Amino acid sequence: MEIRKATRKAIPAIICFYGKSGGGKTYSALKLAQGLIGKNRVCVIDTENGRASHYADDFDFDVIDLAPPFTPARYIEAINTAQNAGYKAIVLDSVSHEWEGIGGCLEMAEGKTGLQAWAKPKEQHRKLMNMLLQAKSHIIFCARAKENMEQVKVNGKTESVNKGLVPIQAKL
């Protein structure tokens, strides 16, 4: 361990765009990535059957097509592949599959009961989140969103109130 004077330095950004399908998440993520790294190439980890390549005429990027199962370990592998190849910005489109996609955390817990059902999925999810904090590249997530509906009492009656959108991902 060493004590040294703190100095300001550039650190990679971790950013999430979330919204409904067609809301411009991928386009915005690519635009931001390009702005962060200039002429360097961006890597997109595409879990949506090649949909990011719709923007191939607008942006210069490379792609990793990530097919199911969408386990946290496979996301870690894809991110490490991009970082080891020298990409300074990585767009994950979509991180929602890691939570509720085929082979994602919800499926990993499916069919089991009690706290044990969540032990392995939560452990793997934490490994992904911790890995992101150590990332050497800018990481930009795209996440699908859903309505955040809440039951509230109004004048003695229960009503559903829309509290806006929330990303489809683990509650933090």
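How many aromatic pairs does the count come to? The count comes to three aromatic pairs, where rings of Phe, Tyr and Trp (its six-membered ring) are taken to pair if their centres lie within 6.5 Å, and planes under 30 degrees apart count as stacked, over 60 as edge-to-face and the rest as tilted. The structure is a predicted model, in which local features need pLDDT of at least 70 and side-chain atom pairs count only at pLDDT 80 or more, while totals for chains, interfaces and linings use all residues. Residues are numbered from 1 along each chain as its sequence is written, and side-chain values use heavy atoms, with hydrogens and water left out.

One of the aromatic pairs joins Tyr 27 and Phe 59; the ring centres are 5.2 Å apart and the planes stand at 70°, so the arrangement is edge-to-face. Tyr 27 belongs to helix α1 (residues 25–37), whereas Phe 59 sits in the loop between β2 (42–46) and β3 (61–65), so the contact ties together parts that are 32 residues apart in sequence. Helices (H or I, at least four residues) and strands (E, at least two) are DSSP runs, numbered from the N terminus. The two partners are described here by relative accessible area, for which buried means under 20%, exposed over 50% and partly exposed in between (1.4 Å probe, protein chains only). Phe 59 is buried, with a value of 8%, and Tyr 27 is partly exposed at 36%. Tyr 27 and Phe 59 also form one aromatic cluster with Tyr 55.

A further pair is formed by Trp 99 and Trp 118, which are stacked, with 5.7 Å from centre to centre and 15° between the planes. This pair links distant parts of the chain, since Trp 99 lies in helix α3 (residues 96–100) and Trp 118 in helix α5 (residues 116–133), 19 residues apart. Trp 99 counts as buried at 11% relative accessibility, while Trp 118 is partly exposed at 31%.

The cysteines were examined for disulfides, a disulfide being a pair of cysteine sulfur atoms within 2.5 Å. By this rule the count comes to zero. For Cys 16, the closest cysteine sulfur is that of Cys 142, at 7.7 Å, which is too far for a bond. For Cys 105, the closest cysteine sulfur belongs to Cys 16 and is 15 Å away, again too far for a bond. Cys 105 is buried, with 0% relative accessibility, whereas Cys 16 is partly exposed, with a relative accessible area of 39%.

Backbone geometry was considered next. Most residues other than glycine have a negative phi, and most peptide bonds are trans. The peptide bond from Pro 68 to Pro 69 is cis, with omega near 5°, and Pro 69 is located in the loop between β3 and α2 (72–84). A cis peptide bond also runs from Asp 93 to Ser 94, with omega near 20°; Ser 94 is part of the loop between β4 (89–93) and α3.

Positive phi values occur at Asn 49 and Asn 155, neither of which is a glycine. Asn 49, with a phi of about 60°, is placed in the loop between β2 and β3 and is exposed, at 75% relative accessibility. Asn 155 has a phi of about 50° and lies in the loop between β5 (138–154) and β6 (157–167). At 79% relative accessibility, Asn 155 likewise counts as exposed.
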